[in-house]
Amino acid sequence: MAEQRKSLTFKRNPNSKEEQPQVLENKEEPKEEGELPLVVVLRSKNFNLPLEDRLQSHFHLLDPNDSPDESTESFLSHHAHSARALLCVGLTPLTTDTLGLLPNLELVVGSSAGVEHIDLHECRHHGIMVTSASAAFSEDGANYAMALLINVLRRISAADRFVRGSLWPVKEEHPLGFKVCF
């Protein structure tokens, strides 16, 4: 069974300063039945891949950390030269040197909100698409910021420690916090 693939790249629109994604070509690629797409996972050694089980059912994951005898560079040059996608977990740096080890790379998927750790200039130069979590975490981040603000101003954690430490018989009362005014 053949798989239909559309290649996307960013091209500058002559009437605009912004780059717009455009479909460049449609081409059929033979794919053996049961063969999963190859995805390189780039992550620091102490960072676990949270959705690894779910990803493994759809992709063949190549993780340099699974081969402790080889350096990341050696692993990528020996095993990942045909990889077309890379999952960059957290803020793991993706450098020009690493990109040079992946000549068939077409897509970098960032799992964090920012892309400062990815060499975007080099990706653009090679026509590699880059995605990130972008605004996916912004609402949650705002909620946590508000929760921390209320916690500090109303002294919720301090009051909890006061009660759990049985300090009311000694100090008698806990100082009041401040109101949150908008």
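Which backbone nitrogen lies 3.4 Å from a polar atom of the side chain of T92? I shall begin with that question this morning. The answer is the backbone nitrogen of S44. Please keep in mind throughout that the structure before you is a predicted model.

Let us stay with T92 for a moment. This residue lies in the loop between strand β5, residues 85-88, and helix α3, residues 96-100. The side chain of T92 also reaches the backbone oxygen of V89, at 2.7 Å. If we set aside residues up to four places away in sequence, T92 touches L42, R43, S44 and H117. Is T92 buried or exposed? Its relative accessibility is 11%, and because buried means under 20%, T92 counts as buried.

The protein chain holds 7 helices and 7 strands. Read along the sequence, these elements follow the pattern β-β-β-α-β-α-β-α-β-α-β-α-α-α. Of the 182 residues in the chain, 24% are buried. The accessible surface comes to about 13100 Å², and 55% of that surface belongs to carbon and sulfur atoms. As for contacts with a separation of 6 or more, residues 24 or more positions apart account for 34% of them.

What does V108 contact, once its neighbours within four places in sequence are left aside? The partners are L86, C88, L94, I118, C123, I128, M129, V130 and T131. Consider T131 in particular: V108 and T131 are 23 residues apart in sequence, yet their C-alpha atoms are 6.3 Å apart in space.

My next topic is the salt bridges. How many does the structure hold? There are 3.

In one of them, R43 is paired with D63, and the closest N and O atoms are 2.6 Å apart. This pair links distant parts of the chain, for R43 sits in the loop between β3 and α1, D63 sits in the loop between β4 and α2, and 20 residues separate them. Both partners are buried: R43 has a relative accessible area of 15%, and D63 has a relative accessibility of 7%. You will recall that R43 is also among the residues that T92 touches.

Another salt bridge joins the side chains of R84 and E106, at 3.5 Å from N to O. R84 lies in the loop between α2 and β5, and E106 lies in the loop between α3 and β6, so the pair ties together parts that are 22 residues apart in sequence. R84 is partly exposed, with a relative accessible area of 28%. E106 is likewise partly exposed, at 28%.

The remaining pair is D160 and R164, whose closest N and O atoms are 2.9 Å apart. Where do these two residues lie? Both are in helix α6, residues 156-164, and they are 4 residues apart, which is about one turn of the helix. D160 counts as partly exposed, with 36% relative accessibility, whereas R164 is exposed, with a relative accessible area of 68%.

After α5 comes R155, a residue whose phi is positive, near 60 degrees.

A nonpolar surface patch of about 500 Å² is made by M146, L149, I150, I156 and F182. The largest share of this patch, 3 residues, comes from α5. M146 is found in that helix. With a relative accessible area of 31%, M146 is partly exposed.

The side chain of T92 has a polar atom 3.4 Å from the backbone nitrogen of S44, and T92 itself is buried. Thank you for your attention.

Technical notes: Residues numbered from 1 in each chain as written. Predicted model: local features only at pLDDT ≥ 70, side-chain atom pairs only at ≥ 80, totals over all residues. Heavy atoms only, no water. Patch = residues over 30% accessible without salt bridge, like charges linked within 9 Å, V, L, I, M, F, W, Y side chains within 5 Å. Areas by Shrake-Rupley, 256 points an atom, 1.4 Å probe, with all protein chains shown as cover. Salt bridge = Lys/Arg side-chain N within 4 Å of Asp/Glu carboxyl O. Buried < 20%, exposed > 50% of the residue type's maximum accessible area, 1.4 Å probe, protein only. Polar contact = N/O pair within 3.5 Å; in protein donor to acceptor, adjacent residues only side chain to side chain. Contact = heavy atoms within 4.5 Å.
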